[in-house]
Amino acid sequence: MSTMESLTPHTEVRVAVGRCVRTLTTSTDNKEIITAFQTLHSYLDEGPGSSTSPVQRAEFRKAHYTRTLQFLISSINADWLRLLTAAQRVELWDGLFLRGPPEQALLVLMEGIGTLRPSTSLDHLVSLTETFLRSGRLADLLWNHCLEAGPSDSPQLRETLLGRLAALPDLTANRLHPNNKPLFLPQQYYPLLAAEMLTALERTCQALRDGKDCSLTFVAQTLGKVCIQGHSGSVLAVMAPRLSVCTRSDMVWQRVCWKLLQNVPERWLESVLTGLVQAVSGPDALGRIIGNLVLKNKKAQFVITHKLLLLQYKYETRVLRILLGYLAADRERRLLVIQVLRSLCQAWANPSAVRHTPLEQQLYVSKALLLCVGLLNDSELQELRSELLQCMLGGMQSHLDSSVVRVRRMGMVVGECLSSRMDINGTKLKFEYEQDEETQELLSLMTPLTDDEPEPESVNGVHSPQEATQDKSSQNNSVHQPPKTAPDSDLDSDDELTPYDMSGDQEMSQASPPRYLRDCLEAFISSEDPVRVELSLRAAEGLVRKNVFTAREISVQLTKVLLHMEDKYNIVGFLILRQATMVALTVTDCIPVTQYLTTEFYSLNYSLRQRLDILEVLAMSAQELSQPITDKGNPSKGITPIAELTPYPGDNPVHWRQVVERRIQSKTKRLSKGATQPPAKVTPNRYAPVAGHFFFPLLRSYDRPQVTFDLLGSDHLVLGRLIHTLGLLMHLAVNAPVASQMGCALLDFVWVVRYHVDQMVRRGVLFAVCSVFLSMPSHSLLVDLSDQLFETRTWLADVAEGDPDADCRNLAVQSLVLLDKNLKKQLDPQALDLQS
Amino acid sequence: MSRPAPSPIYTLRGAGGPLNALHFSCRGGDPPLLFSGSGTGAIHIWNLNTRRAEKVLEGHSGNSVIWISTLQSTNALISQGRDMRVCQWDLSEGRGEVTDSVWTGSVGFCQCSLLEMSPGTRLLAYPGQQTEEIKIIELPSKAPVCSLIPDAKLGMVMCIKLWQPDSGPGPLLLAGYEDGSLLLWDVSQRSTLSQAVAHPEPVMCLTFDPKRLRGISGSSEKNLSPWMLDGQNNLQLQDPVSLVNPGVSQLSIRGDGKLVASAGWDHRVRVFGWKKLRPLAVLQHHTDMVLSVAFSDHQDPRRRLLAAGSKDQRISLWSIYNEGADTG
């Protein structure tokens with residue numbers, strides 16, 4: 001009996017709908033068609049004046065709505081549709097789509113858009129979908145799923161619906177190509193979807209207050225799906241601020257938010273969280289929105305305490321502040337701060353991480369560590385003291401051991417900050433390092449921002465160094481004139497005139513500079529008079545270049561004296577002057593001096609500085625020799641050669657690399673343009689005949705460690721610079737007959753250290769390889785190195801892909817390109833000609 | 001980043017002696033000229049277009065020429081030598097001969113000062129036979145106007161500057177003396193108006209800007225001393241400007257009153273903004289004392305030059321702080 005009762009409305013509705021459909025297919029009478037539509041509409045009318053019973057309506061929605069809509073779309077081109085006026089069509093035809101269950105309508109619409117060919121009918125459907133979206137049907141759809149008594153659907157259907165919702169812009173774009181509507185573009189659709197989700201959440205809040213139960217599963221799934229598809233930015237940019245405001249005072253909203261995030265499926269949780277931490281304005285807002293999710297959900301905990309802090313180093317400092325602030329804000333979550341600090345300490349102090357992870361990641365971890373330490377209170381610090389101390393000492397050591405300046409500096413700053421925070425018997429570490437934006441930022445992390453809404457990192461109080469030097473130089477010259485008591489009415493003042501560099505304005509010394517090179521030598525060896533030594537040092541380079549014959553007589557002796565000379569009197573520009581003189585000596589009397597210098601490089605009892613000096617002098621001399629003599633008068637002037645020198649290179653081998661970059665640039669250009677430039681003027685290459693004297697002795701005894709000098713052991717710095725220098729010597733030897741032998745020897749040499757732990761050495765190696773490929777004639781490259789080339793290629797490809805240092809990767813790619821070009825040129829010269 | 005120190009646009013060589021005096025004449029005819037007086041008694045006339053000496057005048061019998069100037073109204077040159085004579089030269093139509101000369105009797109190094117009163121007449125102030133005496137005569141009549149001797153013992157007169165104030169009847173004269181004091185003389189009254197001790201050492205040079213009633217003097221010490229005349233013609237010293245190295249041989253203010261340049265014994269020319277005396281540039285080129293410095297009087301401000309003559313027998317020419325291509 002009960003089945004009969006339930007069947008009755010079922011069949012009744014089926015019969016009625018069937019009749020309507022039949023009428024629509026067969027009838028040509030306007031009135032009949034309208035009546036049929038009205039019947040269909042009557043099943044959707046909810047009001048009290050409705051002519052149908054709720055059971056009938058439910059039956060229609062459940063079983064017939066989708067099919068009716070599908071029928072409408074399939075007959076969209078039928079004649080009967082033309083019988084309706086435009087207004088009627090909007091009211092009756094479109095109305096059916098907009099009033100029924102939104103999920104079914106959306107699915108049918110998307111299906112329709114997917115199947116129809118471009119035509120007016122498709123246009124109609126598209127504009128109908130637009131209306132559908134604009135009239136807030138998405139909110140209804142989401143809200144329907146929030147209700148406990150929501151549409152009961154299969155998981156497959158739900159999955160499809162989620163897919164359609166999340167990927168609507170892609171689906172439409174694929175179908176409509178250029179005719180896509182602006183509303184369907186991701187920039188508009190996702191904010192709309194976000195707003196609709198907010199509406200659904202708001203309704204949920206209202207329902208909860210009214211005592212109804214709701215489920216947020218579907219909204220959470222939608223959010224998760226959208227975020228995993230990469231639209232977390234645009235969605236959360238709309239949602240986060242609103243949620244942050246709503247949760248400020250309203251507990252219901254907070255509960256809804258927490259529930260929402262708990263319901264996000266685990267596989268999508270990460271992208272929601274990463275989007276959220278970037279979109280919220282501060283740690284408090286994050287705390288209000290996600291609550292103690294980090295304690296309840298293992299995945300969330302992993303993402304927040306591990307992935308975001310240690311691995312994904314792409315986020316701004318603001319995000320770090322928010323994350324750690326969030327963890328520290330609550331008593332229960334605070335335990336996690338301690339845990340995080342431990343893992344940060346471990347990551348920061350790990351010597352292998354210092355060597356093998358990218359610099360950016362190290363910087364990120366350092367920032368997180370400092371922020372974390374800044375958040376601890378005194379009792380927690382006491383508790384963690386020993387661990388922090390261990391971390392600091394170990395980490396500092398591995399950072400300071402690094403040959404990369406930024407890493408060392410990072411170690412110093414973090415060490416300083418940690419020690420100041422720990423208060424070890426009132427003592428603090430204090431390093432001398434150059435302040436730059438990076439160190440300033442790191443230091444600023446120790447001071448917590450009290451404001452709830454943190455502002456972006458400000459660059460406050462950073463005085464540009466040149467301002468300071470300007471001040472200094474003007475003080476040098478004169479006391480500033482204080483403003484006159486009677487102000488001049490003239491508008492023109494001195495301010496419009498920019499001063500020139502006046503740093504050269506030094507006090508004149510009374511003594512006259514030496515006029516003979518031997519006097520200089522004498523002064524260096526025996527004089528205790530600072531003025532005399534300084535004048536001699538200043539005059540020496542000019543004298544060497546002016547008096548070539550005298551210089552040749554005492555070149556080795558003078559080089560020896562200069563190499564051992566110390567800056568006893570704190571002479572301004574001592575290093576530059578000394579180096580310039582040594583370079584002048586090497587250039588003037590090439591073979592004996594290089595012989596001396598290369599032998600001394602491997603001998604006992606030299607400081608690292610002196611060994612580096614030797615390398616620099618050799619490199620600069622080679623550079624000078626390889627340049628054509630352009631200005632004959634230049635060396636004889638003898639007054640200003642010092643001023644022409646670039647600043648002392650010091651620890652910065654960049655200038656060599658620039659030379660090569662320039663070469664690579666010019667080389668690639670020439671290939672693509674053809675020989676349009678006028679040929680350079682022919683001048684003899686002074687370097688080519690002596691290149692071997694510079695190069696080969698340096699390769700001789702690198703593997704013989706001595707008491708004070710172990711090139712393959714701890715003296716990475718020298719090794720890196722040695723390889724750099726060799727690379728440069730190789731590079732300068734382009735077109736020299738000896739280049740082939742040099743190239744083979746150099747490749748052999750660097751092969752041993754190609755996987756060195758120190759990135760400076762690796763950079764040097766890659767630089768050297770680059771210069772081999774640049775300078776060696778391509779035929780000898782193929783003939784002499786044929787057996788090594790394949791291995792080299794594999795190694796380079798490996799480095800280009802996997803080296804943690806960005807410079808190394810770039811250099812490896814460059815080398816690969818050069819190698820390929822060389823090979824192509826050699827194997828198939830015609831092809832290359834055609835190509836260019 | 002401040003601009004690198006400038007370098008000279010060109011150098012004139014071949015004067016054959018230290019260059020004590022420089023004088024531009026770029027306003028009137030073509031080509032622009034630069035006159036230089038050397039320690040060997042020669043006056044070179046440099047053509048600034050060809051950058052060659054057009055003519056060399058020898059008129060002080062091998063004695064050092066310490067001052068030269070052109071006469072605006074006629075094509076004539078006036079020069080002072082250490083042979084105790086001030087000579088007037090006729091340069092018109094390529095001539096180059098002494099037309100007139102005045103015997104000064106001064107054995108010092110004080111340079112004369114010339115003031116155009118009206119077209120055709122001018123006053124010449126020169127150091128007299130007594131070391132502290134300044135004589136003023138009218139040219140071309142050579143009629144003596146007055147002789148100014150200070151009452152107090154101030155030592156030798158070192159430098160003088162004659163000028164005509166806008167208000168007031170007669171010309172005034174500023175003089176620096178061996179003991180470091182400055183005196184302001186009223187020429188018509190033959191009386192001192194004001195006195196100030198500007199330096200502890202002899203005043204080596206002074207220059208004065210009649211428009212701003214402000215001047216500056218240099219000495220053998222490390223300071224330049226700027227001073228001002230108030231409404232009552234009182235000399236008021238202002239805060240000194242210190243130099244890196246002591247000794248200034250000459251000071252010169254540019255025609256537009258924006259720059260002042262000093263010729264330093266330390267081989268350098270220093271350029272200051274005249275308004276606040278802010279140091280602007282240090283011109284390093286010479287290898288010996290700079291003895292003279294002068295700004296050109298080009299009508300086009302972009303072509304203005306600064307010339308510096310040195311004991312190293314060279315004249316360097318600089319183009320700095322000119323509107324247009326290379327403004328400051």
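Me: I have this model open and would like to learn to read it. Is His199(B) buried or exposed?

Reply: Good place to begin! His199(B) counts as buried, because its relative accessibility is 2% and buried means under 20%. Do keep in mind that this is a predicted model.

Me: Where does His199(B) lie?

Reply: Look for the loop between strand E17 (191-197) and strand E18 (203-209) of chain B; that is where you will find His199(B).

Me: Which residues does His199(B) touch?

Reply: Setting aside residues up to four places away in sequence, His199(B) touches Asp179(B), Gly180(B), Ser217(B), Gly218(B), Ser219(B), Glu221(B), Asn223(B), Leu224(B) and Ser225(B). Take Asn223(B): 24 residues separate it from His199(B) along the chain, while their C-alpha atoms are 8.2 Å apart.

Me: Let me step back to whole chains. How many helices and strands are there in chain B?

Reply: Chain B has 0 helices and 29 strands. Of its 328 residues, 57% count as buried. Another thing to read is how far apart in sequence the touching residues sit: of the chain B contacts between residues at least 6 apart, 42% join residues at least 24 apart.

Me: And how many helices and strands are in chain A?

Reply: In chain A you will count 41 helices and 0 strands. This chain has 836 residues, of which 49% count as buried. For contacts in chain A with a separation of 6 or more, 75% are between residues 24 or more positions apart.

Me: How should I think about a core?

Reply: In soluble globular proteins, nonpolar side chains tend to be buried together. Here, the largest nonpolar core has 152 residues, and Phe37(A), Leu72(A), Trp93(A), Met239(A) and Ile290(A) have the most contacts inside it. Helix H11 (residues 217-246) of chain A gives the largest share of this core, with 12 residues. There is also a second, separate core of 96 residues, including Phe574(A) and Leu719(A).

Me: What does Ile290(A) touch?

Reply: Beyond residues up to four places away in sequence, Ile290(A) touches Trp258(A), Leu261(A), Leu273(A), Leu276(A), Ile304(A) and Tyr326(A).

Me: At what angle do helix H28 and helix H30 of chain A pack?

Reply: To read a helix pair, look at the angle and the distance between axes. Helix H28 (residues 574-588) and helix H30 (residues 608-626) of chain A pack at about 55°, with axes 9 Å apart, and H28(A) and H30(A) are therefore oblique to each other. The crossing of H28(A) and H30(A) is right-handed. On the H28(A) side, the meeting residues include Met582(A) and Val583(A); on the H30(A) side, they include Val617(A) and Met620(A). By class, this contact of H28(A) with H30(A) has 6 nonpolar, 3 polar and 4 charged residues.

Me: What is the handedness of the crossing of H6(A) and H9(A)?

Reply: That crossing of H6(A) and H9(A) is left-handed. The axes of helix H6 (residues 102-115) and helix H9 (residues 155-176) of chain A come within 10 Å and cross at roughly 40°, so H6(A) and H9(A) are oblique to each other. Among the residues that meet are Leu106(A) and Met110(A) from H6(A), and Leu161(A) and Leu165(A) from H9(A). The contact of H6(A) with H9(A) divides into 9 nonpolar, 4 polar and 3 charged residues.

Notes
Residues are numbered from 1 along each chain as its sequence is written. Chains are lettered from A and ligands numbered from 1 in the order in which they are written. This is a predicted model: local features need pLDDT of at least 70, side-chain atom pairs count only at pLDDT 80 or more; totals for chains, interfaces and linings use all residues. Side-chain values use heavy atoms; hydrogens and water are left out. A nonpolar core is a set of buried Ala, Val, Leu, Ile, Met, Phe, Trp, Tyr and Cys residues joined through side-chain atoms within 4.5 Å. Buried means under 20% relative accessible area, exposed over 50%, partly exposed in between (1.4 Å probe, protein chains only). Helices (H or I, at least four residues) and strands (E, at least two) are DSSP runs, numbered from the N terminus. Contact means heavy atoms within 4.5 Å. Axes are lines fitted to C-alpha atoms, for helices over the stretch in contact, and angles run from 0 to 180 degrees between N-to-C directions. Angles under 35 degrees count as roughly parallel, over 145 as roughly antiparallel, 65 to 115 as roughly perpendicular and the rest as oblique. A crossing is left-handed if the near helix is turned anticlockwise from the far one by less than a right angle, and right-handed if clockwise. Ala, Val, Leu, Ile, Met, Phe, Trp, Tyr, Cys and Pro count as nonpolar, Asp, Glu, Lys and Arg as charged, and the others, Gly among them, as polar.
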